[in-house]
Amino acid sequence: MDAHIQVKNLNVYYGKQQALKDVNIEVPKKQITVIMGPSGCGKTTLLKSLNRFLEITDGAQITGEVLVDGQNIYDSEVDVTEVRKVVGLLAQRPSPLPMSIYDNVVYGMNIHRMKKDRKEYKAAVRHYLEIAGLWEEVHKRLHDPATSLSIGQQQRLCLARGLAVEPEIILGDEPTSALDPISSQNIESRLIDLKQQYTTVIVTHTLRQAKRLADHVIYMYMGEVIEAGLAKEIFSSPKHERTKQYLEGLF
Amino acid sequence: MGFLMKKRWQRRHLLEAFMKFIMRVSLVIVAAALGLILWIIVVRGLPALSWDMVTKIPEGGYYMGKGGGILNAILGSLYLAAGGTFLAMIFSVPIAIYLKAYLGDSKWGHYVRLSLDVLWGIPSIVYGAFGFTLMIALGIRASLLAGIIILALIELPIMTRAMDEVIRRMPIDLEYAALALGSTKFEVALRVVTRQMLPGITTAILLGFGRGIGDAASVLFTAGYTDRIPTSLMRPTASLPLAVFFQLGSPYPEVQQRGYAAALILTVIVLAVSLGSRWLSSRLNKYTIK
């Protein structure tokens, strides 16, 4: 397996409570890895450790290493804004920035000074809106407020905005849980389309979604990784009793 | 339907009716007070309000009822308040952003907010006296510049705290969204927070302006008073609140009436500024996340 992300001996504490216990996993390149498990098992914590989001959302203490392309992102030499440029995040609820649709896509490219002139920005906006499957719906009203979009469209806008900074990895924190079924399906098919180019890590609490998306699966329980491996193997013949029970819907 | 849902007068219903009554009475009292103030300045001031009042400076014998107007005070007040507001804004926007982005709810954030609240509570005559002492020590005379500086000091805590409260209400998700794209905290503050909070920040600035233009005590010592239109920052300047004060203290009824007219002009300026800011806020609201 060609590992894009390696997590080594990762422990996360919230005060005295340990949220992640000695996590060691590898995330394969350009495939979809799904983290699943019951509520409170630490899947979102694990996800947020991958773009150094833990340190801003909660007062978490972190030990261990997260290597992206062999580089420890928790190294003191590492620029956190660069980490988050390489590792993009699609949040649970879409949160468009307080600006127009166009400016939402431009925002990230602009702060990272990625384009030279207006023309390049314009072309890039179109390109990423097309990838997110939103261009057709919005190209006539690019300068309308982002909030004028439906929630499903907003999530696709957030996807376009995230892709525009040219990440290598996409993290999805239950990215469809706030959406209606059709919008969810739309996002899911985007993620499947994109997996040829991006390493994708998705947290989900719905088993069916995990089965639809996953190439690889990480099953967690109580802050520990119980089982990780190829999706087809784990879904058909889980090795651990806990995984089996979860897959059978026993808890 | 049976009698299950029949209306019965229970204690809690009575309590609600009573509370509603009290709220309505308070509303009437507040509205009546405002109405009465407006009524008095309109009834007493309007007859004295003439074209000359707003286009001319006092002529010889003006303070005994002869010709002229209070253009000196109108312009003086506008210069003072605009200058003070601008100066206060230059400092309060960065302070508010710093409070949000870096201090947050930390111990230092708490101290800074406490200091601003204390400053907010200091009466303006104390600011005036402070400015006066400072000017004597530095050998500066009463001037437009001194008045602007003192007004800026008075407006600063109001503006900063008003902005701070607005900025603190910002949805946290917005910040996360911007950080997730690799923004620095400063970029989040500058490009996202200020944009989201622009309507609130505008309101905060105009709150400061309103306080500045209406303040008499602080400019009494620092800006002085003159019948001329200010032409330089180093010259003294008249102001509307003091124009009201001096003219109402006059024994001549015509001059007293002009005092009310000056009050009317001041009120109209403040009203125009607040209506303007409402309009501006609603325009700036277009892109904000609700």
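Predicted model: local features only at pLDDT ≥ 70, side-chain atom pairs only at ≥ 80, totals over all residues.
Residues are numbered from 1 along each chain as its sequence is written, and chains are lettered from A and ligands numbered from 1 in the order in which they are written.

Let's start with the sheet. In chain A, four strands make an open, antiparallel sheet ordered S2-S1-S4-S5. Strands here are DSSP runs of E, at least two residues, and helices are runs of H or I, at least four, numbered from the N terminus; two strands pair if DSSP finds at least two bridges between them. At the edges sit S2 (17-28) and S5 (71-72) of chain A, each pairing on one side only. S5(A) is joined to S4 (residues 60-68) of chain A by two bridges, with Val68(A) opposite Gln71(A).

Now, how much of H7(A) is buried? Of its 13 residues, 12 are buried, so the rest of the structure largely encloses this helix. Buried means that 20 or more other C-beta atoms, placed from the backbone, lie within 10 Å of the residue's own. Among the buried residues are Cys158(A) and Arg161(A).

Finally, the two chains: 25 residues of chain A contact 20 residues of chain B, contact meaning C-beta atoms, placed from the backbone, within 7 Å. On the chain A side, H3 (80-86), H4 (101-111) and H7 (151-163) each give two or more residues, and H3(A) gives the largest share, four.
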